[in-house]
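Reader: I've got a model open and some questions about it. Can we walk through it together?

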Amino acid sequence: MKTKNDSTPRIILGSGSIYRKELLQRLQICFETSNPQIDETPLINESPDQTAARLAEAKARAVARIYPQALIIGSDQVAALGDIRLGKPLNHANAVEQLRQTQGKEVVFYTAVCVLNSFTNKLQIRVIPYHVKFRRLSDQQIENYLLKEQPYQCAGSAKSEGLGIALIERMTGDDPSGLIGLPLITLIDMLTLEGVKII
């Protein structure tokens, strides 16, 4: 399960997300990407954190079938406004509705990360919650934001690493990179347990 220099395992990021790829690049480790194709429909009576954990594992296992001797990283995020789940809006109208729903309220982003050693079948899964309180916004502010950033592939319609930070009143959590889609502080601990040296 080693790379050509036989010093570190082959690492595969099981995601097609450009945001997760950019995050993992911060660690300056060699990795490849593979986009898993899985059904992401939540199960009946499944909590948001359970959905995120299950899908992160499912993504890792789907990629492991292609790479049987690697460390596979899977991740998934579920945003929840109380009992309401906020997925990717995909278009302008849905994004407007989401931002109207969330203004002045707190949304919890549950980001799960899974590290699967496809050679030993050792599995690590952790779910990192991040709490985001949104500002009260006028319809014109919502329109202005969406026209400038078009965050239609972002759960909750807010891209916190961009102009979306202007929508946010406060954020609380242990791992800010988790809000973007991949909790790096947590992932470093998990990779260390698999013998990957970051620094």
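Reader: Over which residues is the pLDDT below 50?
Author: pLDDT is the predictor's confidence in each residue, from 0 to 100. The protein chain has a mean of 93, and 96% of its residues reach 70 or more. One stretch falls below 50, though it has 15 contacts in the model beyond near neighbours in sequence: residues 1–6. Where pLDDT is low, the predicted coordinates should not be read in detail.
That stretch, again, is residues 1–6.

Reader: Which residues touch the most other members of the largest nonpolar core?
Author: A nonpolar core is a set of buried Ala, Val, Leu, Ile, Met, Phe, Trp, Tyr and Cys residues joined through side-chain atoms within 4.5 Å; buried means under 20% relative accessible area with a 1.4 Å probe, protein chains only. Among the 21 residues here, the ones asked for are Val107, Val132, Phe134, Leu146 and Leu167.

Reader: What is Phe134 in contact with, leaving aside its neighbours within four places in sequence?
Author: Phe134 is one of the core residues that touch the most other members. Its contacts include Val107 and Leu167, along with Ala158 and Ile168.

Reader: In β6, what is the bridge partner of Val113?
Author: Strands (E, at least two residues) are DSSP runs, numbered from the N terminus, and two of them pair if DSSP finds at least two bridges between them. β5 and β6 pair in the antiparallel sense over eleven bridges. In their hairpin, five residues lie between the strands, and Asn121 takes a positive phi near 70°. Val113's partner in β6 is Arg126.

Reader: And in β7, what is the bridge partner of Tyr130?
Author: β6 also pairs with β7 (residues 168–173), in the antiparallel sense over five bridges. In β7, the partner of Tyr130 is Gly173.

Conventions: Residues numbered from 1 in each chain as written. Predicted model: local features only at pLDDT ≥ 70, side-chain atom pairs only at ≥ 80, totals over all residues. Heavy atoms only, no water. Buried < 20%, exposed > 50% of the residue type's maximum accessible area, 1.4 Å probe, protein only. Contact = heavy atoms within 4.5 Å. Helix = DSSP H or I, 4+ residues; strand = E, 2+ residues; numbered from the N terminus.
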